[in-house]
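Please read it alongside the sequence and the structure.

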Amino acid sequence: MKDKILNSMQTFARAVVVPVLYLPVVGIILALSAILTNPAIVGNGGFLLNVGKYIGSGLWPILMNLGIVFCVGIAMGMAKEKKAEAALIALFSFLVFLGANNQWLALTGKLIKYKVASDLTGTGQTIILGFQVVDMGVFLGMILGVVVALVHNKFYNKEFPGAFGAYGNTKFVFIVLIPILLTLAIVLSYVWPVVASGISALTTFINKAGAIGVFLYGFLNRFLIPTGLHHLVNTPFLYSDIGGKLTIHGKTYYGATNIFLAQLTDPSIKIFDPSAKYLQYGMVKIFGLVGAALAFYKTAKPENKSKLKALLIPAVATSVLAGITEPLEFTFLFVSPLLWLVHSVMDGLFETVAVLFGVRTYGAGGLIEFLSYNLPAGIARTRWPIYIAVGLVQVGVYFVVFKALIEKLKLKTPGREDNEVKLFTKKDYKEKMSNRSEEATAGQELNLAAEIVQGLGGKENIETVDNCFSRLRVKVKDAVIVDESILKGTGAAGVIKNGENIQVVYGPKVNGVRNSVDKYLAALN
């Protein structure tokens with residue numbers, strides 16, 4: 001039962017990543033919009049100001065309708081096959097729920113009268129795509145996405161004979177879903193207000209916990225990365241009212257990310273809302289891991305330092321610039337879980353210190369995102385110089401602590417072991433793919449995807465293939481036959497097994513790896 005629950009949670013966490021992967025793109029473009037609409041930069045009025053407003057108007061509807069985004073993304077991510085059809089059914093299902101819930105509220109006299117949409121703030125109802133419905137935020141999309149995926153996976157290959165054949169397969173999935181959705185539209189109109197009060201109590205508790213709440217958030221967000229469950233921690237804080245809610249000029253924004261971006265695009269706001277405290281988890285990517293890498297280099301054997309330096313520099317650059325931490329993090333996770341625990345604790349502590357100093361910055365995607373978001377916002381609103389000062393201290397503390405633990409416990413970190421832990425560069429990966437494409441054995445092409453599939457136990461052993469920012473996430477039938485040595489030979493920085501869920505760490509090149517695996521598996525059908 002424990003493994004079944006964990007597998008279900010990991011499946012959901014993988015699916016949540018599907019829409020989340022696109023949201024940083026939205027954020028970066030909105031940051032550009034903020035620059036162009038900032039009078040201190042472009043002056044009052046003029047062409048650039050209108051361009052900035054125009055760009056922002058095109059991107060904000062995505063963040064203001066995250067319910068439908070998560071519904072479609074989660075259904076597609078959890079679907080075992082026919083993902084495109086699952087996404088379309090999710091869209092249909094979301095619309096069915098909106099219409100039915102609105103009508104039920106009307107029939108039962110529960111619809112709250114309003115003059116403008118902002119009048120509904122705090123009433124438990126909201127307007128979504130023109131429908132006045134129970135206000136569930138992103139949780140509506142998450143719930144419906146899961147429901148659609150479960151029904152889809154059970155009935156997508158159901159076929160009927162004769163004239164009824166046209167209603168089989170994924171059409172039958174939608175037929176089954178309709179009564180479920182109509183029932184949910186009624187049930188949730190009574191159940192969700194109770195759940196909402198519980199969420200409100202949780203939010204109040206976390207906010208009253210102050211520094212302790214921020215520390216626990218930061219610690220869990222880092223500590224759970226190997227299991228893939230960290231998305232279950234950060235997503236509610238970033239995109240739902242658990243992470244705060246703020247009304248600006250009649251519009252209500254939910255979640256730390258949306259609140260930050262809303263304030264970023266409004267220069268009239270002089271002090272950022274405290275909800276932005278949940279965005280400090282990018283600090284370790286820019287600063288902390290630099291200190292860890294310096295400790296690896298300092299404690300390495302003299303004869304290995306030259307080679308280790310060449311490996312650490314691109315790994316550190318990837319972490320600092322793009323926020324991709326796995327090439328470094330998973331290296332010492334495999335060497336010593338104790339270092340991972342210490343790493344998670346220190347990450348939570350430094351996030352808390354930054355928040356206590358009033359820092360309200362955003363840089364989850366590394367230095368590039370940090371500059372894009374926080375420079376336009378200005379020093380007064382984000383206090384980003386303090387963020388940098390705390391980060392520099394973090395570099396020093398990480399170096400001292402990691403160096404002491406490595407030497408005291410005689411840990412075999414990179415450069416200290418006989419068989420050196422290797423960090424792969426993009427050049428290594430390209431050379432490996434080029435070599436694989438030219439080799440053949442017994443008439444079978446031995447390319448990268450073929451080796452990955454072989455390492456995962458073959459096509460028959462693979463149930464689903466997904467990816468997040470840096471890891472290939474695969475659910476297999478039998479984890480015992482997964483060969484880690486083959487997978488590491490394909491350029492993986494590490495392999496993590498959690499029951500039937502396998503995570504293969506490739507870093508920023510994971511999208512290309514995922515595409516190769518998908519094409520190879522499709523060719524085998």
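Helices here are DSSP runs of H or I of at least four residues, and strands are runs of E of at least two, numbered from the N terminus. The model under discussion is predicted.

1. **The sheet as a whole.** An open sheet is formed by four strands, in the order β7-β8-β10-β9, with antiparallel pairing. Its edge strands are β7 (462–467) and β9, each of which pairs on one side only. On average, neighbouring strands of this sheet are turned by 20° against each other, direction ignored.

2. **Strands β7 and β8.** These two strands pair in the antiparallel sense, and five bridges connect them. Within this pairing, I462 stands opposite V476 in β8, while V465 stands opposite V474 in β8.

3. **Strand β10 and its partners.** Strand β8 (residues 471–476) pairs with β10 in the antiparallel sense over five bridges. Here V474 has I502 as its bridge partner in β10; V474 is also the residue of β8 that V465 stands opposite. Strand β9 (residues 494–498) likewise runs antiparallel to β10, and five bridges join the two. In that pairing, the bridge partner of G494 in β10 is V505.

4. **The β9–β10 hairpin.** Two residues lie between the strands of this hairpin, and G499 takes a positive phi near 65° there.

5. **Burial of β10.** Which way do the residues of β10 point, and are they buried or exposed? N501, Q503 and V505 point one way, I502 and V504 point the other way, and all are buried. Strand β10 (residues 501–505) is accordingly described as mostly covered, with five of its five residues buried.

6. **Helix α22 on the sheet.** Helix α22 (residues 510–524) packs on the sheet and touches β7 and β8. The direction of α22 makes about 150° with that of β7. Y520 is found in this helix. With a relative accessible area of 17%, Y520 falls under the 20% limit and therefore counts as buried. The C-alpha atoms of Y520 and I452 are separated by 10.0 Å, although the two residues are 68 residues apart along the chain.

7. **Helix α20.** Helix α20 (residues 448–455) is mostly covered, seven of its eight residues being buried. The buried residues are L448, A449, A450, E451, I452, V453 and G455. After the helix comes G457, whose phi is positive, near 100°.

8. Two packed helices are described by the angle between their axes and the distance between the axes. The next two points apply this description to helix α15.

9. **Helices α12 and α15.** The axes of helix α12 (residues 283–299) and helix α15 (residues 337–356) come within 11 Å and cross at roughly 125°. This angle makes α12 oblique to α15. The crossing in which α12 passes α15 is right-handed. M283, V284 and L289 of α12 make the contact with H343, D347, F350 and A354 of α15. By class, the residues of this contact divide into five nonpolar, one polar and one charged.

10. **Helices α9 and α15.** Helix α9 (residues 211–223) packs with α15 at an angle of about 140°, their axes being 8 Å apart. This crossing is also right-handed. From α9, the contact is made by A211, V214, F215, Y217, G218, F219, R222 and F223. On α15, the residues involved are W340, L341, H343, S344, V345, D347, G348, L349, E351, T352, V355 and L356. The contact of α9 with α15 has 12 nonpolar, five polar and three charged residues.

Methods. Residues numbered from 1 in each chain as written. Predicted model: local features only at pLDDT ≥ 70, side-chain atom pairs only at ≥ 80, totals over all residues. Heavy atoms only, no water. Buried < 20%, exposed > 50% of the residue type's maximum accessible area, 1.4 Å probe, protein only. Pairing = 2+ DSSP bridges. Axes fitted to C-alpha atoms, helices over the stretch in contact; angles between N-to-C directions. Parallel < 35°, antiparallel > 145°, perpendicular 65-115°, else oblique. Left-handed = near helix turned anticlockwise from the far one by under 90°. Contact = heavy atoms within 4.5 Å. Nonpolar A, V, L, I, M, F, W, Y, C, P; charged D, E, K, R; others polar.
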